[in-house]
Amino acid sequence: MLRTIGQRLADSVPTLLLVVTLVFLALRLLPGDPALVALGENATPDQLDLFRHRMGLDIPLWRQYLVFLKDLATLNFGTSFMNQIPILDLLAASLPYTLALTAAATAVGVALGVPLGVLAATRRGRTADTVARLLALLGFTVPDFYLAALLLIWLALGWGWFPINGLGESLPDQLYHLVLPAVTLGVVKAAFISRLTRSALLDVLGRDYVRTAWAKGAQAGRVIYRHALRNALLPVATGLSVSILSTLSGSVAIELIFGRPGLGSLLIGAIETRDYPVIQADLVVFAVLVVAVNLAMDLLAVAIDPRLRT
């Protein structure tokens with residue numbers, strides 16, 4: 001397993017390097033002067049030059065890139081243009097809330113999607129299968145931000161069952177505030193997971209060893225859950241990485257709608273003020289999360305099917 005982890009980490013390095021390079025170049029090619037944005041139009045030329053020198057914007061691009069890589073290696077993200085707060089502190093304050101929302105939404109998606117997919121596969125061609133596929137189709141067609149607005153109007157404003165926005169104070173209160181955003185993202189992801197589970201399980205149910213288990217008179221639950229579903233989990237685990245990554249990207253809109261702190265809210269605020277160091281650091285963290293999720297799903301696939309070890 002350690003060898004597998006090492007190989008996956010080595011394979012992730014070029015991808016991560018490419019992503020951070022693209023982030024670096026994209027921000028340098030954006031129109032506008034970061035110094036002018038930070039100091040305002042009333043800043044004098046001397047003040048602008050001093051700001052560019054302090055932020056390292058007056059050195060050649062290749063040297064800026066080397067400094068950028070060095071700072072990344074030492075987790076030195078600098079300070080925000082707008083409020084002079086260390087960016088690492090901003091990230092540390094925002095990251096846990098995004099991870100909590102992603103984990104909760106993924107749990108909701110798996111808890112709803114896998115049983116729905118199993119029900120559809122084991123009742124193929126029946127009413128339950130039709131209903132499950134219609135629900136999955138509905139989940140695909142409804143954008144998460146639109147579903148968030150509907151749930152806010154219905155469950156928060158209409159019925160008053162959940163808070164409209166905010167984070168909460170105590171841990172139970174924070175979990176209470178997390179329910180509606182997590183359900184919003186989780187329901188959308190459950191549609192994808194249910195269709196993937198149904199397809200994978202139907203493929204396994206048609207194999208010879210499953211037919212043999214049926215012929216021997218094995219109980220339905222044992223055949224479906226012990227033999228079939230266990231072997232259908234590999235494609236589901238592979239697709240789960242796609243679901244988690246889409247949940248991360250969807251968290252940007254959900255955090256704004258529900259007024260939650262997180263990497264998404266931090267990124268949008270930095271874009272509005274053109275706080276380039278914060279934008280750069282935020283995008284790099286997102287890139288690292290993408291690589292980490294793919295690595296975790298690769299290891300999960302290896303745990304499910306040891307034949308994938310190299």
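**Close-up views of a predicted model**

**View 1. Leu16 and its contacts.** Leu16 touches Ala287, Val288 and Val291, with residues up to four places away in sequence not counted; contact means heavy atoms within 4.5 Å. The structure is a predicted model, in which local features need pLDDT of at least 70 and side-chain atom pairs count only at pLDDT 80 or more, while totals for chains, interfaces and linings use all residues. Residues are numbered from 1 along each chain as its sequence is written, and side-chain values use heavy atoms, with hydrogens and water left out. Leu16 lies in helix 1; helices (H or I, at least four residues) and strands (E, at least two) are DSSP runs numbered from the N terminus. Its relative accessibility is 26%, so Leu16 counts as partly exposed; buried means under 20% relative accessible area, exposed over 50% and partly exposed in between (1.4 Å probe, protein chains only). Leu16 and Val284 are 268 residues apart along the chain, yet their C-alpha atoms are separated by 8.7 Å.

**View 2. The whole chain.** The chain contains twelve helices and zero strands. Of its 310 residues, 39% count as buried. Among contacts between residues at least 6 apart in sequence, 75% join residues at least 24 apart.

**View 3. The largest nonpolar core.** This core holds 45 residues, and Leu91 and Leu201 touch the most other members. A nonpolar core is a set of buried Ala, Val, Leu, Ile, Met, Phe, Trp, Tyr and Cys residues joined through side-chain atoms within 4.5 Å. Elements giving two or more residues to the core include helix 3 (45-54), helix 4 (61-73), helix 8 (171-205) and helix 10 (220-257). Helix 12 gives the most, with ten residues. Because domain 1 (2-73) and domain 2 (90-308) both give residues to this core, it lies between them; the domain bounds come from an automatic or database domain assignment. Another core, of 18 residues, lies apart from this one and has Ala104, Val142, Ala148 and Leu152 among its members.

**View 4. Helix 5 against helix 11.** The axes of helix 5 and helix 11 come within 7 Å and cross at roughly 130°. Axes are lines fitted to C-alpha atoms, for helices over the stretch in contact, and angles run from 0 to 180 degrees between N-to-C directions. The two helices are therefore oblique to each other; angles under 35 degrees count as roughly parallel, over 145 as roughly antiparallel, 65 to 115 as roughly perpendicular and the rest as oblique. On the helix 5 side, Leu90, Leu91, Ser94, Leu95 and Thr98 meet Leu263, Gly264 and Leu266 of helix 11. Thr98 counts as buried because its relative accessibility is 0%. Beyond four places in sequence, the contacts of Thr98 are Leu248, Ser251, Glu255, Gly262, Leu263 and Gly264. Leu91, with neighbours within four places left aside, is in contact with residues including Phe77, Leu266, Ala281 and Val285.

**View 5. Helix 5 against helix 6.** Helix 6 (residues 127-141) and helix 5 have axes that come within 7 Å and cross at roughly 140°. Leu116, Leu119 and Ala120 in helix 5 meet Ala128, Asp129, Ala132 and Leu135 in helix 6.

**View 6. Leu202 in helix 8.** Leu202 is found in helix 8. With neighbours within four places in sequence left aside, Leu202 is in contact with Ala121 and Arg124. Leu202 and Leu229 are 27 residues apart in sequence, and their C-alpha atoms are 9.6 Å apart in space.
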